[in-house]
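Here is a short briefing on one protein model. Look at the structure first, then work through the points by topic.

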Amino acid sequence: MFAQIYSIQSEEEALACISAGADRIGVLVGEPGGRYPCAVTAENCRRIFAAIGDRAVKVLISVKETEEEIIAETIRLKPDILHLCAEYRGSPEFRRKLKEAAPDVLLMEAVGVVDESAVEDAVYRASYADLLILDSVSKTVPGIGAAGITHDWAIDRKIKESVPVPVVLAGGLGPENVTEAIAAVHPDGVDSLTRTSVKENGILVRKDIDKVKEFCAKVHACEE
């Protein structure tokens, strides 16, 4: 069971989260202050990934809109995992091209869990993706994720039982509910963004390292 922490904005924050127990670190590359919370520049992401090294799994959250841009960004930044969650959705053909361009990078596709139709969507995406992240859908943030709310974990459990690839559970998870979520779904890993972050004036500004530590401790306790 691994703990994945999103969205990191500096080298210092990444290392603090790893020290707090994070196994995977996610960085969203986009326009800072733009449509997506906690976005950083590509150069900032490069520095963060360099600081992480092999201390944790590096996840690139790409919100580029074209296949060419996404693959070029992946080649340049060298993540361990590419996470697609915005307007561009993957396909078997995209997976083939990514494998040719960056053979060591795994593809993680987001599944927006709104209703039972998510099961069919997950089964399709699991036919070509290396792993899935099951997340809530925000009314204000484009794409899938960063909603800060939970969804129906019973649907997640159906997905987990229906796909042959690892499943990451996300969506409104924090120290207060992650143990219950793991018991309900039995995912391979869990992800936290909003509930392990500090919010000021309605904006996520930085990670709350104490909450990250508590979250990761509860996740890893489920391995025992």
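Helix α7 (residues 178-185) and helix α8 (residues 209-221) have axes that come within 9 Å and cross at roughly 30°. The crossing of α7 past α8 is right-handed. Keep in mind that this is a predicted model.

- On the α7 side, the contact is made by Val178, Thr179 and Ile182.
- On the α8 side, Phe215, Lys218 and Val219 make the contact.
- By class, the residues of this contact between α7 and α8 are four nonpolar, one polar and one charged.

**The barrel**

- Strands of a sheet pair through backbone hydrogen bonds, and the pairing is either parallel or antiparallel.
- Here eight strands close into a barrel, and the pairing is parallel.
- Their order is β1-β2-β3-β4-β5-β6-β7-β8.
- From one strand to the next, the twist averages 25°.
- Which residue of β3 is the bridge partner of valine 29? The partner is serine 62.
- Helix α2 (residues 42-52) packs on the sheet and touches both β2 and β3.
- The direction of α2 makes about 165° with that of β2.

**The cavity**

- Rolling a probe the size of a water molecule over the atoms shows where empty space is left.
- How many cavities of 30 Å³ or more does the count give? The count comes to one.
- The volume of the largest cavity is about 260 Å³.
- This cavity is lined by 27 residues, and the closest to its centre are Tyr6, Asp135, Gly145, Ala146 and Leu193.
- The lining of the largest cavity has 16 nonpolar, eight polar and three charged residues.

- The largest pocket has a volume of about 420 Å³.
- Of its 21 lining residues, Pro37, Val141, Ala146, Gly202 and Leu204 are the closest to the centre.
- The lining of the largest pocket divides into 10 nonpolar, eight polar and three charged residues.
- How much space lies in the second largest pocket? The volume is about 230 Å³.
- Val29 is one of the residues that line the second largest pocket. Others in this lining include Gly30, Glu31, Arg35, Tyr36 and Lys64.
- By class, the lining of the second largest pocket has four nonpolar, two polar and six charged residues.

**Backbone exceptions**

- Most residues other than glycine have a negative phi, and most peptide bonds are trans.
- Is the peptide bond from tyrosine 6 to serine 7 cis or trans? This bond is cis, with omega near -25°.
- Serine 7 sits in the loop between β1 (2-5) and α1 (11-19).
- Lysine 78 is not a glycine, yet has a positive phi of about 55°.
- Look for lysine 78 in the loop between α3 (67-77) and β4 (81-84).

Methods
Residues numbered from 1 in each chain as written. Predicted model: local features only at pLDDT ≥ 70, side-chain atom pairs only at ≥ 80, totals over all residues. Heavy atoms only, no water. Pairing = 2+ DSSP bridges. Helix = DSSP H or I, 4+ residues; strand = E, 2+ residues; numbered from the N terminus. Axes fitted to C-alpha atoms, helices over the stretch in contact; angles between N-to-C directions. Contact = heavy atoms within 4.5 Å. 1 Å grid on protein atoms, 1.4 Å probe; cavity = no way out; pocket = protein on both sides within 12 Å on 5 of 7 lines; lining within 4 Å. Points joined across faces, edges and corners; volume = space filled by probe spheres on them. Nonpolar A, V, L, I, M, F, W, Y, C, P; charged D, E, K, R; others polar. Left-handed = near helix turned anticlockwise from the far one by under 90°.
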